[in-house]
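Here is a short briefing to read with the model open beside you.

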Amino acid sequence: MTGQTKQTVFSGVQPTGAMHLGGYLGAFRNWVALQDDDAYNVVYCIVDLHAMTVPYDPAEFHRARLETAKVVLALGIDPEKSLLYMQSQVPQHAELAWILSTLTPTGVLNRMTQYKDKLDKGIPSNLGLYSYPVLMAADILLFRADLVPVGDDQKQHLEMSRDLAARFNNRFGEVFPIPAPLIPETSARVMSLVDPAAKMSKSDPNPKNRVNLDDSPDVIRKKVKSAVTDSDPTVRYDTESKPGISNLLEIMSATTGRPIGDLAAEYETGGYGRFKEAVAEAIVAELAPIRAALQQLDDDDVARILQKGALDARTRAERLQQQVRDAVGLGRI
Ligand code: TYM
């Protein structure tokens with residue numbers, strides 16, 4: 001099959017704090033599966049420009065960008081098969097975001113729930129935070145992506161990317177495919193271990209809310225053991241009255257490949273202690289290869305992979321950039 005007949009996959013991760021089990025089950029597992037499927041041409045990006053929309057420390061940020069790339073590689077992303085690069089090293093993202101911003105009604109941005117949630121959490125408002133989904137649309141459209149593997153929390157942003165692609169095509173002629181989200185059926189929204197009403201998140205100040213992909217087996221066991229549940233000791237899938245247990249059932253189902261119904265039947269009686277131990281062991285087994293791969297990775301090798309990735313990404317982005325410039329009336333004079 002030639003590159004031209006393949007579908008293009010694009011996705012991104014912010015280098016803000018540790019990558020966790022929620023992102024893994026919601027998105028990163030699909031990143032690896034799509035990379036290993038010959039039908040796709042895959043592009044994965046560490047979206048460092050997005051991460052600058054919330055307060056950060058520059059020295060820590062520098063380190064987190066490299067660490068994130070390392071974890072992505074440890075997941076099994078192979079630079080021979082996937083294009084992996086850092087968003088800030090490809091200036092075409094920012095130019096396309098500007099062009100798309102001129103097609104974005106502010107009323108649409110006012111409705112973005114992630115933006116509103118961030119303000120509710122006390123994150124100071126700024127123009128970058130507000131236009132975050134426009135930059136995300138630019139990421140996806142810059143590679144003319146067909147498919148975007150993400151967790152459930154990115155659904156609304158994906159909708160906006162689709163609308164912007166269609167709006168651009170209507171106004172300036174067919175340039176972009178309309179990108180489709182790829183969201184898993186279970187574990188598209190993994191919840192926090194300390195508050196099962198909130199999603200597992202890297203920005204939660206309580207590290208017990210999440211299992212990080214590089215947590216040791218002992219840390220994983222402790223976090224799962226202390227996961228918030230309820231006082232009725234029956235293991236049953238019921239997201240309304242048993243959100244904590246239901247979350248653990250989803251995690252266990254996603255990590256073992258066994259249906260939730262089977263797991264609920266097996267662990268229904270016998271207490272939460274036994275169930276939680278089984279959940280912890282399932283997570284430990286799933287993450288063991290990632291931890292092992294992380295220990296083999298060398299910072300200099302990772303930096304070299306990112307440099308090569310940036311060169312390739314820029315070459316590809318330049319082609320689209322010229323096409324967009326021509327379409328909008330910014331062609332060479
Ligand atoms: P980010 O960095 O917050 O998360 C990376 C991916 O992990 C998914 N995810 C989850 N899935 C299930 N349960 C959870 N608790 C959970 N937490 C995170 C996210 O849905 C995401 O797929 N805006 C994006 C980054 C981005 C992007 C893009 C993604 C920028 N440009 C273009 C795709 C395409 C974000 O903040 O992801």
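Predicted model: local features only at pLDDT ≥ 70, side-chain atom pairs only at ≥ 80, totals over all residues.

Residues are numbered from 1 along each chain as its sequence is written, and side-chain values use heavy atoms, with hydrogens and water left out.

**S82 and its setting**

- S82 belongs to strand β3 (residues 82–86); helices (H or I, at least four residues) and strands (E, at least two) are DSSP runs, numbered from the N terminus.
- With a relative accessibility of 4%, S82 counts as buried.
- For this and later points, buried means under 20% relative accessible area, exposed means over 50%, and partly exposed is in between (1.4 Å probe, protein chains only).

**Around the ligand**

- The ligand is surrounded by 28 residues, and the closest are Q14, Y132, D139, D153 and V190; a residue counts as near if one of its heavy atoms lies within 4 Å.
- By class, this shell holds 13 nonpolar, 11 polar and 4 charged residues.
- In that scheme Ala, Val, Leu, Ile, Met, Phe, Trp, Tyr, Cys and Pro are nonpolar, Asp, Glu, Lys and Arg are charged, and the others, Gly among them, are polar.
- β1 (7–13), α1 (21–35) and α8 (132–142) each supply at least two residues of the shell, and α1 gives the most, with 5 residues.
- Backbone atoms also reach the ligand: a polar backbone atom of Q14 is 2.8 Å from a ligand oxygen, and a polar backbone atom of G151 is 2.9 Å from an oxygen of the ligand.
- A backbone N or O atom of G22 lies 3.1 Å from a ligand nitrogen.
- On its own the ligand has 710 Å² of accessible area, and the protein covers 96% of it; these areas come from the Shrake-Rupley method with a 1.4 Å probe, and for residues only the protein chains shown count as cover.

**Strand β1**

- β1 is mostly covered, with 5 of its 7 residues buried.
- β1 pairs with strand β2 (residues 40–46) in the parallel sense over 7 bridges; two strands pair if DSSP finds at least two bridges between them.
- V13 has I46 in β2 as its bridge partner.

**Salt bridges**

- A salt bridge is a side-chain nitrogen of Lys or Arg within 4 Å of a carboxyl oxygen of Asp or Glu, and by this rule the count comes to 22.
- D299 and K70 meet in one of them at 2.8 Å, N to O. This pair links distant parts of the chain, with D299 in helix α14 (residues 299–328) and K70 in helix α3 (residues 58–74), 229 residues apart.
- D299 is partly exposed at 27% relative accessibility, whereas K70 is buried at 11%.
- K199 and D153 form a salt bridge at 2.7 Å, N to O. They too link distant parts of the chain: K199 is in the loop between β5 (180–182) and α10 (217–225), and D153 is in the loop between β4 (147–149) and α9 (155–172), 46 residues apart.
- K199 is partly exposed, with a relative accessible area of 28%, and D153 is partly exposed at 26%.
- K223 and D215 meet in a salt bridge of 2.7 Å, N to O, and both residues are buried.
- A network of salt bridges links D230, D232, R236, D238 and K242.

- R144, in the loop between α8 and β4, has a positive phi near 50 degrees although R144 is a residue other than glycine. R144 is partly exposed at 36% relative accessibility.
- S187, in the loop between β5 and α10, is not a glycine but has a positive phi of about 65 degrees. S187 is buried at 2% relative accessibility.

Notes: Polar contact = N/O pair within 3.5 Å; in protein donor to acceptor, adjacent residues only side chain to side chain.
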